[in-house]
Amino acid sequence: MLKAMDDAVHDGVDVLSLSIGGLDEDPGTLHVVANGIPVVYSAGNDGPVAQTVKNSSPWLLTVAATTMDRSFPVVITLGNKEKFVAQSFIFSEEIASQFSEIQFYDANDCNADHINSTVKGKIVFCFPPMFSPSAQLNTLAFISAVVANGGRGLIWPLYNTDSLLGDNLAASNTSLVPIDYEIAYRINQYISNDDNPKAKISLTRTTVGSEVSAPRVAAFSSRGPSSIYPGVLKPDIAAPGVSVLAAAPKTASFQGIPYHFLSGTSMACPHVTGIVAVLKSIHPQWSPAALKSAIMTTARTLDNNWMPIQANGYIPKIADPFDYGAGFVNPTKAADPGLIYDISASDYLKFFNCMGGLGPQDNCTTAKGSLADLNLPSIAIPNLRTFQSAARTVTNVGQLDAVYKAFLEPPAGVEMAVEPPVLVFSKDRRVQSFKVTFKTRRKVQGDYTFGSLAWHDGGSHWVRIPIAVRIVIQDIYSKIS
């Protein structure tokens, strides 16, 4: 892979997009960035579990996945006229036009071994008595058994994975409809009180706009903090990665179908790569770090209804920087960020030559600095005992004469200050440095809390970076019990 990157550098590419992930980092990717080529990586699909984010080297732009403001609703109509709305791909007029008998499976019968020819022409309803993430492991086998035995439909409760609306649902004539447990309970009550339960599933329609709350961080999107570099806040940014319709090659795995719906951070990564390419065409002189900074400092943390962006998972919650980094990508704002946090390749080497695997421990040619002082457009303090500072430098790329004031949102339990609190730029003074200090307000082996620092020029520029701080008594402490 690194040899291919070398060939790409030799070929003069402008940006690299890698929907690839593994257990380890690839320090050799710094060689690409040192040649002025931004490298964009997917964050991984192991969410919503913490510490699963991949590709957390600080010189990479690491992308999380979100939903978009589009849904594919279908209506489930029961024999008693009760209706429920779910999401699926239903294209069969025959299925949508008539009621079908419901065949009920309960408890341990909800598995592929109990599906036989008796389901032919019927809608299968599976109602396990308890919610269990492990039950989802049998989902594909269960679906396949219903389809193979001629089932007309399958309705079954699952927790949200944001990956169900894929080709496995669209490629079958069987109506496959995942639902939540509230709707499942209502359907179960109907079946219990009707001697001949029936249901009908409507054709899919497409809904786009503000009535679909978006973006939401995808349940599968890998979460921070980085297990390899906890002092580097990852992921960096989030972009659309759920039910993305894209062209497919004419290979056997895609069954000759020219377009497919797919979900994953591998879908989100190319969105950001395209944005980087556009920004680079507008600002060809900017370094990879400057482009990354522009994307991060202008990101959105509110959804299309001006509410805090949510993160899907076992329990939906308000998203934090370990879910989406700086937020949801905002390409129009990124073209004019106001200030940028720039980093040279030598800066990365200064901080990582001895501790990041970039060189032998006995061959450190540059002084090792504090990781907190690496000029990233984010701050992560994984081991705050009493007091720590982080130095940053910003370059004005907006109006020559500008005054920026600091606006702080301190992490819970932490006192935070910035010195100086005002940055004055002019034609002769385009670069300014400042120091952010963090002080504990309690002595506890805690968890991460989140905040932000934003510089505002009184006009259109809000230059915001995310902050994650963990108060500790012991530097390395496992919470697993």
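Reply: Let's begin with the contacts of Ser175: leaving aside residues up to four places away in sequence, Ser175 touches Ile90, Ile95, Arg152, Gly153, Leu154 and Ile201. Keep in mind that this is a predicted model. Ser175 sits in strand S10, and with a relative accessibility of 1% it counts as buried, because the cut-off for that is under 20%.

S10 runs over residues 175-179, and five of its five residues are buried, so the strand is largely enclosed by the rest of the structure. Look at which way the side chains go: Ser175, Val177 and Ile179 point one way from S10, while Leu176 and Pro178 point the other way, and all are buried.

Gln310 belongs to strand S17, which spans residues 310-311, and is partly exposed at a relative accessible area of 21%. Again leaving out residues up to four places away in sequence, Gln310 touches Pro215, Arg216, Val217, Lys317, Ile318 and Ala319. If you want a sense of distance, Gln310 and Leu349 are 39 residues apart in sequence and 36 Å apart in space, C-alpha to C-alpha.

Now for the cysteines. A search of the whole structure turns up one disulfide, which joins Cys110 to Cys126 with an S to S distance of 2.2 Å. Cys110 lies in the loop between strand S7 (100-106) and strand S8 (123-127), and Cys126 lies in S8 itself, so the pair ties together parts that are 16 residues apart in sequence. The link of Cys110 and Cys126 is right-handed, with 135 degrees about the S-S bond. Cys110 counts as buried at 16% relative accessibility, and Cys126 counts as buried at 5%. Cys269 is buried as well, at 0% relative accessibility.

The largest cavity has a volume of about 60 Å³, and its lining is made up of Pro38, Val39, Val40, Trp59, Leu60, Leu61, Val276, Pro288, Ala289, Leu291 and Lys292. Strand S2 (39-42) and helix H8 (288-297) each supply at least two residues of that lining, and H8 gives the largest share, four residues. By class, the lining of the largest cavity has 10 nonpolar, no polar and one charged residues.

The second largest cavity has a volume of about 40 Å³. Around it you'll find Gly231, Val232, Leu233, Leu371, Ala372, Leu374, Leu376, Ser378, Ile379, Ala380 and Arg392. The lining of the second largest cavity divides into eight nonpolar, two polar and one charged residues.

Note on methods
Residues are numbered from 1 along each chain as its sequence is written. This is a predicted model: local features need pLDDT of at least 70, side-chain atom pairs count only at pLDDT 80 or more; totals for chains, interfaces and linings use all residues. Side-chain values use heavy atoms; hydrogens and water are left out. Buried means under 20% relative accessible area, exposed over 50%, partly exposed in between (1.4 Å probe, protein chains only). Contact means heavy atoms within 4.5 Å. A disulfide is a pair of cysteine sulfur atoms within 2.5 Å. On a 1 Å grid over the protein atoms alone, a cavity is a set of points where a 1.4 Å probe fits but cannot get out, and a pocket is an open set with protein on both sides within 12 Å along at least five of seven lines; lining residues have an atom within 4 Å of a point. Grid points are joined across faces, edges and corners, and a volume is the space filled by probe spheres set on the points. Ala, Val, Leu, Ile, Met, Phe, Trp, Tyr, Cys and Pro count as nonpolar, Asp, Glu, Lys and Arg as charged, and the others, Gly among them, as polar.
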